[in-house]
Amino acid sequence: MEKQEIFKTPRKTLARMQVVHFGKILFNLQFIALAVMAASVLSFIMPAIYYLMLLCIALLSLFIVFMNPTFTSLWSGGETLTKIAEILTLSWKYTVPIVAALALASILCLSFDTNQKHPARIVVSVIVCVIAVVVLLLKLINGGAL
């Protein structure tokens, strides 16, 4: 029987591969944080959209829907949505820096790959980071109101 030769990957290469994989994970994770950031920045629009949808439903049904007591009770449901919007509006202090940090960490980790460059991921992360920094600056300049 022949003696099989065992090839070992150098530790430096394995560490680099793990860092790049971590960068890919951070790249995907930044979109979750970006969605939360967008919700926290744009949450003041939610009650208006809610009432606009109710109004459109009423107009499309030619106001016959007001005979249903369930639909009438929906008009008082905006207060809960307003409370949620207030809480989300206050969370921008945390979500915007988290998005920027995830984007920067993703760029840093993806730049360690020597075998394959990730230009699309790096460019998208740069754009997300710039958007987060601009939103953060605008929020800080306006005192928390965008």
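Let's start at Ile49, which counts as partly exposed because its relative accessibility is 44%; here buried means under 20% relative accessible area, exposed over 50%, and partly exposed in between, with a 1.4 Å probe and protein chains only. You are looking at a predicted model, in which local features need pLDDT of at least 70 and side-chain atom pairs count only at pLDDT 80 or more, while totals for chains, interfaces and linings use all residues. Residues are numbered from 1 along each chain as its sequence is written, and side-chain values use heavy atoms, with hydrogens and water left out.

Ile49 lies in helix H2, residues 46-60. Helices here are DSSP runs of H or I with at least four residues, strands are runs of E with at least two, and both are numbered from the N terminus. Together with Leu42, Phe44, Ile45 and Met53, Ile49 makes a nonpolar surface patch of about 480 Å². To be part of a patch, a residue needs over 30% relative accessible area and no salt bridge; nonpolar side chains (Val, Leu, Ile, Met, Phe, Trp, Tyr) are joined within 5 Å, and like charges within 9 Å. The salt bridge in that rule is a side-chain nitrogen of Lys or Arg within 4 Å of a carboxyl oxygen of Asp or Glu. The areas come from the Shrake-Rupley method with a 1.4 Å probe, and for residues only the protein chains shown count as cover.

Leu42, another member of the patch, sits in the loop between H1 and H2. Leu42 is classed as partly exposed because its relative accessibility is 47%.

Ile49 and Met37 are 12 residues apart in sequence, and 18 Å lies between their C-alpha atoms. Met37 is found in helix H1, and it counts as buried because its relative accessibility is 4%. Which residues touch the most other members of the largest nonpolar core? They are Met37, Val96, Val99 and Ala132, out of 15 residues in that core. Helix H1 (11-41), helix H5 (92-110) and helix H6 (119-141) each supply at least two of its residues, and H5 gives the largest share, 7 residues. Such a core is a set of buried Ala, Val, Leu, Ile, Met, Phe, Trp, Tyr and Cys residues joined through side-chain atoms within 4.5 Å.

The contacts (heavy atoms within 4.5 Å) show how this looks around single residues. Leaving aside neighbours within four places in sequence, Met37 is in contact with Thr95, Val96, Val99, Ile131 and Ala132. Val96, with residues up to four places away again not counted, touches Met37, Ala132, Val135 and Leu136.

Back on helix H1, you will also find Met17. This residue is partly exposed because its relative accessibility is 49%. Met17 and Gln116 are 99 residues apart in sequence and 11 Å apart in space, C-alpha to C-alpha.

What about the cysteines? The structure holds 0 disulfides, a disulfide being a pair of cysteine sulfur atoms within 2.5 Å. For Cys109, the closest cysteine sulfur is in Cys129, 14 Å away, so the two are too far apart for a bond. Cys109 counts as buried because its relative accessibility is 9%, whereas Cys56 is partly exposed, with a relative accessible area of 38%.

Most residues other than glycine have a negative phi. Leu62 has a positive phi of about 55 degrees although it is not a glycine, and Phe63, in the loop between H2 and H3, has a positive phi near 65 degrees. Leu62 counts as exposed because its relative accessibility is 67%, while Phe63 is partly exposed, at 45%.
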